[in-house]
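Have a go at each task before you read its solution.

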Amino acid sequence: MGNVSRRAMLGATGGLIAGGLLKTQVDALTMANDALGQQTEQVGGRLGGPTSVLGERAPGEQPRRVMGAPAVTSSSRSPIEQLRGIITPADLHFERHHAGVPAIDPDRYELVIHGMVDRPMTFTLDDLKRFPSESRICFVECSGNGGAAYNRNAPADRAPSQIDGLFSTSEWSGVLVSTLLREVGISRDATWLLAEGSDAALMARSIPVEKAMDDAMIAYGQNGEAIRPEQGYPARLLLPGWEGNAQVKWIRRLEASDRPSMTREETSKYTDPLADGTSRQFSLVMDAKSTITFPAFPYQLPERGWWEIRGLAWSGRGRITGVEITTDGGRSWMPAQLQEPVLSKCATRFRHVWNWDGSEALLMSRATDETGYVQPDLETLIAARGEGTAYHYNTIRPWRVQSDGRVFFGQGEGA
Amino acid sequence: MRPLALGVAALGAFACAPDAPGRDGNTAMSSAAAANNVEWPRSFQIGRDATPAEVAALDIDFGPDGAGAPPGSGSVAEGKIVFDSKCAVCHGATGQEGPNDQLVGREPREGFPFGETRGLRRTVGNYWPYATTIFDYVNRTMPMTAPGSLTANEVYAVAAYILFLNEIVPEDAVMNAQTLVAVVMPARDRFVRDDRDGGRVVR
């Protein structure tokens, strides 16, 4: 099949995706794949295609990020219900930008570290790559992820990606921030680092030095290749287990200080108002969470019988120690199997085989992390924070299976 | 923003050389030092000194203590001129109409019910704890299509005008490095540090 027809096909599909409805997206992909399949059908005994310098996905496997119309101040979501394992392909990693994706020349890139240091220093990208390196697999999650579920009247026609798709997991490679702070000689009196990006918003957040010295990284690699432009190319701050906004992309500067800078993103935004008339600031760690990704809207179980309930669990405080599953709306809970590897501050796959008898069922998952924290239900979190709170929505997500096999988000009206 | 207080004179007075980085055991990798038994040098001699000029060009942040705030000033009246021509298209003629973030509004004046009540608008007047954040954010990010294009005087003026619209400063106010730091925002004492710490208690 020629490239032109493929591009035309995918272009048509993209237009429908921009239309926004997941159902439309699925239909469009099915149509495109049917057409492509007819053109690429293999006949036994026929010689296959040649080697190529860059692989492509199979014509029938074309997952896409979930989003509305393209925008520079917006987000796109990982299609978590279409993914296997724990690693998110880099081109499907969720996006959240405040002023678009900058185009940065890697040969001109520099990171400046200054402030309360012995020696203010400038590092090129080659410099950063020359330092002792580290790699780790961990998640990045927007702290607004799950907002659609923090609502007693949440719409039922929501897919896992539409609720929890601001969440992705990668193998990140780079240099530990502690290595760089050692090189510049950070003062023992420095308690905060201002991290600043070079996007048009010059996005800036204050980061405790304690975290920087623990496991923070200046990442330049993602899943074996250079990080994607949308993820901060050529280098970003990575703060394992912490909210995505603080993990400043396109990072150009770290300033050591003894107080936070009180940027807009840590005052006006990304603070969590509480029911007691206060607002929680620097709420950076992501609490334990889990969600079932199958079966879930818009899937319809075609028949009763054996199915595997599958999902993802994670905690910003360490390892997931257990995930429990209920299929009867919480009357009984059973431990799910955790798929190795179970890593700290990382997505963990869980699964549970289930013999569906064809009657209505309410599926939920409940994660526990190594601190003993148990993922709360909606009413528990509302009682703790109030209905109007913002960010860090880690409530248990219910999925209702109808007797006809159709699955809906099971919390809102009509659930 | 900080002046370069720790210059040459401070070199050698205290050289912080932390131990191998703390790890939580996520990966199979430990620090490079432990992995190959080579003790790290005091310095890897990678990178170069940042010049005072390049640091000064980047060091634009303006925090609550006002350290390093740029010279300049702007009045409410001057701010209205800037706002009308460069801000109102996104934030509305009086900072309340959108389509982007609502900047102006003191309601609800009693209490701070943002956690309790769903759907309240968080504005500069009812939610922002520090007036310096207005300068810092406008200076680094606004206007959206031409960030960095405003002079320091214009940014001080816009801050003055937004504070005036929110009934926080009088109509004859002039904002500069000293007066902006001195503004006490209505929500100043509403913010608390994170008390979540894992474990059994849901906070």
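Of the 203 residues in chain B, 35% count as buried, where buried calls for 20 or more other C-beta atoms (placed from the backbone) within 10 Å of a residue's own, exposed for 12 or fewer, and partly exposed for anything in between. A word on the source: this is a predicted model in which local features need pLDDT of at least 70, side-chain atom pairs count only at pLDDT 80 or more, and totals for chains, interfaces and linings use all residues. Residues are numbered from 1 along each chain as its sequence is written, while chains are lettered from A and ligands numbered from 1 in the order in which they are written.

**Exercise 1. Work out what secondary structure chain B has, and in which pattern.**

Step 1: count the elements, and you get 7 helices and 4 strands. These are DSSP runs numbered from the N terminus: helices are H or I with at least four residues, strands are E with at least two.

Step 2: read along the sequence, and the pattern is α-β-α-β-α-α-α-α-β-α-β.

**Exercise 2. Find the angle at which α3(B) and α6(B) pack, and list the residues that meet.**

Step 1: α3 (residues 76-86) and α6 (residues 152-165) of chain B pack at about 100°, with axes 7 Å apart. The axes are lines fitted to C-alpha atoms, for helices over the stretch in contact, and angles between N-to-C directions run from 0 to 180 degrees.

Step 2: that makes α3(B) roughly perpendicular to α6(B), a label for 65 to 115 degrees (under 35 is roughly parallel, over 145 roughly antiparallel, and the rest oblique).

Step 3: look for contacts, meaning C-beta atoms, placed from the backbone, within 7 Å. Val76(B), Glu78(B), Gly79(B), Lys80(B), Val82(B) and Phe83(B) of α3(B) meet Glu154(B), Ala157(B), Val158(B), Ala160(B), Tyr161(B) and Phe164(B) of α6(B).

Step 4: sort them by class to get 8 nonpolar, 1 polar and 3 charged. Here Ala, Val, Leu, Ile, Met, Phe, Trp, Tyr, Cys and Pro are nonpolar, Asp, Glu, Lys and Arg are charged, and the others, Gly among them, are polar.

**Exercise 3. Decide whether α5(B) is enclosed or open, and say what covers its buried residues.**

Step 1: 10 of the 10 residues of α5(B) are buried, so this helix is largely enclosed by the rest of the structure. Among them are Ile134(B), Phe135(B) and Tyr137(B).

Step 2: the cover includes β8 (204-208) of chain A, plus α6 and α7 (177-182) of chain B.

**Exercise 4. Describe how chain B touches chain A.**

Step 1: the contact takes 66 residues from chain B and 83 residues from chain A.

Step 2: on the chain B side, β1 (48-49), α2 (52-58), α5 (132-141) and β4 (191-193) each supply at least two residues. The largest share, 6 residues, comes from α5(B).

Step 3: that side of chain B divides into 31 nonpolar, 15 polar and 20 charged residues.

Conventions
Contact = placed C-beta atoms within 7 Å.
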